Amino acid sequence: MICNIIFCIITIIISISDIKHKKIPNSLIVTGLIFSLLFSNNILSSFLGVVMIVLPLIFFYKPNSIGGGDIKMLAIMCFYLGYAKTLSAFVIGIILCFIYATIESKRSVSLAPFFSIGTISTLILTGGFII
């Protein structure tokens, strides 16, 4: 459970950077990646997540859409959470982002905070946190 808390803190720090600067520094990405690799529960599921979630986003990447930092954050999530939990966090984050952007009439939104919310929600729903 302590690893889950630390991972969520890392995603929150990444989110703050994305909100303030519209950029996710590589130093935060590297920190998250090292932590994720060290504490990954299932490396096979992690790599499956990268192949099934991250690689398609790279191939369909267009300027002024999902940013490179957001894709790197998803890779970190894949390495730590594995495929199924990352997919859950991704879907929750995208749905919340869409709702927020629609209500606020925004065309450009930082995605990292929504991925963080998705990660925290997924960990709560799957028993990663005791409430």
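What follows is a conversation about helices, their contacts and a few single residues.

Visitor: Before we start, what kind of model is this?
Guide: Some caution is in order, since local features are described here where pLDDT is at least 70. As for its kind, the model is predicted.

Visitor: How far apart are the end C-alpha atoms of helix α2?
Guide: Helix α2 covers residues 26-39, which makes 14 residues, and at 1.5 Å a residue these should span 20 Å. The distance in the model agrees with that expectation, because the end C-alpha atoms of α2 are separated by 20 Å.

Visitor: Which residues of α2 are buried, and what covers them?
Guide: The buried residues of α2 are Ile29, Gly32, Phe35 and Ser36. They share the same side of α2, because the arc they cover around the axis is only 135°. In general, an α-helix has 3.6 residues a turn, so residues three or four places apart point the same way. The cover over the buried residues of α2 includes α1 (2-21) and α4 (68-81).

Visitor: Are α1 and α2 roughly parallel or roughly antiparallel?
Guide: The axes of these two helices, α1 and α2, come within 10 Å and cross at roughly 165°. Angles over 145 degrees count as roughly antiparallel, and α1 and α2 are therefore roughly antiparallel.

Visitor: Is the crossing of α1 and α2 left-handed or right-handed, and which residues make the contact?
Guide: The crossing of α1 and α2 is left-handed. On the α1 side the contact is made by Cys3, Ile6, Phe7, Ile10, Ile13, Ile14 and Ser17, and on the α2 side by Leu28, Gly32, Phe35, Ser36 and Phe39.

Visitor: Is serine 17 buried or exposed, and which residues does serine 17 touch?
Guide: Serine 17 has its place in helix α1, and because its relative accessible area is 9%, serine 17 counts as buried. Leaving aside residues up to four places away in sequence, serine 17 touches Lys22, Lys23, Ile24, Pro25 and Leu28.

Visitor: Is lysine 22 buried or exposed?
Guide: Lysine 22 lies in the loop between α1 and α2, and its phi is near 55°, a positive value in a residue other than glycine. Its relative accessible area is 55%, and therefore lysine 22 is exposed.

Visitor: What is the phi of serine 105?
Guide: Serine 105 sits in the loop between α5 and α6, and at 65% relative accessibility it counts as exposed. The phi of serine 105 is instead positive, near 55°.

Visitor: How do α3 and α4 lie to each other, roughly parallel or roughly antiparallel?
Guide: The axis of helix α3 (residues 43-59) and that of α4 come within 8 Å and cross at roughly 165°. This crossing angle makes α3 and α4 roughly antiparallel.

Visitor: Which residues make the contact between α3 and α4?
Guide: Here α3 passes α4 in a right-handed crossing. The contact is made by Ser46, Phe47, Gly49, Val50, Ile53, Val54, Leu57 and Ile58 of α3, together with Ile71, Leu74, Ala75, Cys78 and Phe79 of α4.

Visitor: What does serine 45 touch?
Guide: Serine 45 is found in helix α3, and at 18% relative accessibility it counts as buried. When residues up to four places away in sequence are not counted, serine 45 touches Gly82 and Tyr83.

Visitor: How far apart are isoleucine 34 and lysine 20 in space?
Guide: Isoleucine 34 lies in helix α2, where it counts as partly exposed because its relative accessibility is 48%. In sequence, isoleucine 34 and lysine 20 are 14 residues apart, and in space their C-alpha atoms are separated by 24 Å.

Visitor: Which glycine follows α6, and what is its phi?
Guide: Beyond α6 comes glycine 127. The phi of glycine 127 is positive, near 85°.

Conventions
Residues are numbered from 1 along each chain as its sequence is written. This is a predicted model: local features need pLDDT of at least 70, side-chain atom pairs count only at pLDDT 80 or more; totals for chains, interfaces and linings use all residues. Side-chain values use heavy atoms; hydrogens and water are left out. Helices (H or I, at least four residues) and strands (E, at least two) are DSSP runs, numbered from the N terminus. The expected span of a helix is 1.5 Å times one less than its number of residues. Buried means under 20% relative accessible area, exposed over 50%, partly exposed in between (1.4 Å probe, protein chains only). The arc is that of the directions from the helix axis to the C-beta atoms. Contact means heavy atoms within 4.5 Å. Axes are lines fitted to C-alpha atoms, for helices over the stretch in contact, and angles run from 0 to 180 degrees between N-to-C directions. Angles under 35 degrees count as roughly parallel, over 145 as roughly antiparallel, 65 to 115 as roughly perpendicular and the rest as oblique. A crossing is left-handed if the near helix is turned anticlockwise from the far one by less than a right angle, and right-handed if clockwise.
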